[in-house]
Amino acid sequence: MDKLSTRILLTGSNGFLGQKLTDHLTERKDVELCCTSQSANRNPNTSGYTFVELDLRDGKQLEKLIHYFKPTHIIHTAALTSVEICEQDPEGCKALNVDVVAHLANICQEDDIHLTFLSTDFVFDGQNGPYDELAATNPRNAYGQSKLDAERILLASGCRAAILRTILVYGIIADRRRSNLVLWAKGKLEEGEPIKVVSDQWRMPTFVDDLANACILAVERNAEGVFHISSDQMLTIQEAVEQVADYWQLDKTLISSITAKEIGQDKNRPQKTGFILDKAKQELGYQPTPFQASLSAIDQQLKLFRK
């Protein structure tokens, strides 16, 4: 990135990845950052960037912000990500996950703005994981379908876009209202509470710091096309939780197995995803953090946030 020539508009900045990206980008002197989210700023870090409260579905206001800020790059993390809510509210899912992306694609194509878009492993059906970027897609739920629809719109739009698919993001940010698998398991086990964890879904969980770094790499390289971003370790959800228990020396006898079918996830979620990362490693310079090393990093970040 060139000094002060990189102007990044970050959507969904109140989200888990959005807050982590804000923290990473405000550490850089070569970026001017504007963050936007639908509600008031929730990030305890409020310096080094501009924040604008905005509903992205308001097309005129979105255009107004883009034309005012004049970004060189947009990182679009805002989305409706709940599988259940997307099924219950297909119109709302389409409005945010597809229609907003189509609008952004048009603006970016017209104004020559580079767009980084976040997608998901749920574009796959889970029958043949791990997947490379050319593998056949077949979503099993409305959320995955909405992300695939948005991907296709972007690829057909002619705008310069990097599509980063990712898997089961975890980690820690200063805003402790944002939870995830690792923090949930750690918190419950520390309280001595028994937990049931799915034993027959396989994933390559993604450390949020790695995903934020991948977004920045995509910006730096003005990358185009689809990239798979995750860890390179295949784990069941239960195995991941057991490693959390081991790292913090918590009682693993509190962990019991449950199947995806028992919690109604056998039909609407892929059984085994996982990614082949060769393209991201070669073209972006992406390197995933091993799961155990990421737990150590989370432990250190927890100590910093407590100060």
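**Entry 1: the largest pocket**

I looked up the largest pocket of this predicted model and found a volume of about 1,600 Å³. I then listed its lining, which comprises 49 residues. Thr-81, Ser-82, Tyr-143, Val-169 and Arg-178 are the ones that lie nearest the centre of this pocket. The elements that give two or more residues to the lining are helix 1 (16-25), strand 2 (31-37), helix 3 (83-88), strand 5 (114-120), helix 5 (142-157), helix 6 (181-190) and strand 8 (195-198). By class, I recorded 22 nonpolar, 18 polar and nine charged residues in the lining of the largest pocket.

**Entry 2: the second largest pocket**

For the second largest pocket I noted a volume of about 220 Å³. Its lining includes Lys-20, Asp-23, His-24, Asn-45, Asp-209 and Phe-305. Helix 1 and helix 10 (291-306) are the elements that give two or more residues to this lining. I recorded three nonpolar, four polar and four charged residues in the lining of the second largest pocket.

**Entry 3: strand 2 and its neighbours**

I next asked how many residues of strand 2 are buried. Six of its seven residues are, and the strand is thus mostly covered. I then examined its pairing with other strands. Strand 1 (residues 6-11) runs parallel to strand 2 and is joined to it by six bridges; Leu-10 stands opposite Cys-35 in strand 2. Strand 3 (residues 50-53) also runs parallel to strand 2, with four bridges between the two; here Ser-37 stands opposite Glu-53. I noted as well that strand 1, helix 1 and strand 2 make a right-handed β-α-β unit.

**Entry 4: aromatic rings**

I found six aromatic pairs in the structure. Phe-122 is in the loop between strand 5 and helix 5, while Tyr-143 is in helix 5, and the two are 21 residues apart. Are these two residues buried or exposed? Phe-122 has a relative accessible area of 13% and is therefore buried, the cut-off being under 20%. Tyr-143, at 9% relative accessibility, counts as buried.

I also looked up Phe-124 and Tyr-131, which form a stacked pair with 4.0 Å from centre to centre and 5° between the planes. Both Phe-124 and Tyr-131 are buried. Together with Phe-275, Phe-124 and Tyr-131 form one aromatic cluster.

Key: Residues are numbered from 1 along each chain as its sequence is written. This is a predicted model: local features need pLDDT of at least 70, side-chain atom pairs count only at pLDDT 80 or more; totals for chains, interfaces and linings use all residues. Side-chain values use heavy atoms; hydrogens and water are left out. On a 1 Å grid over the protein atoms alone, a cavity is a set of points where a 1.4 Å probe fits but cannot get out, and a pocket is an open set with protein on both sides within 12 Å along at least five of seven lines; lining residues have an atom within 4 Å of a point. Grid points are joined across faces, edges and corners, and a volume is the space filled by probe spheres set on the points. Ala, Val, Leu, Ile, Met, Phe, Trp, Tyr, Cys and Pro count as nonpolar, Asp, Glu, Lys and Arg as charged, and the others, Gly among them, as polar. Buried means under 20% relative accessible area, exposed over 50%, partly exposed in between (1.4 Å probe, protein chains only). Two strands pair if DSSP finds at least two bridges between them. A crossover is right-handed if, with the strands pointing away from the viewer, the path from the first strand over the helix to the second runs clockwise. Rings of Phe, Tyr and Trp (its six-membered ring) pair if their centres lie within 6.5 Å; planes under 30 degrees apart count as stacked, over 60 as edge-to-face and the rest as tilted.
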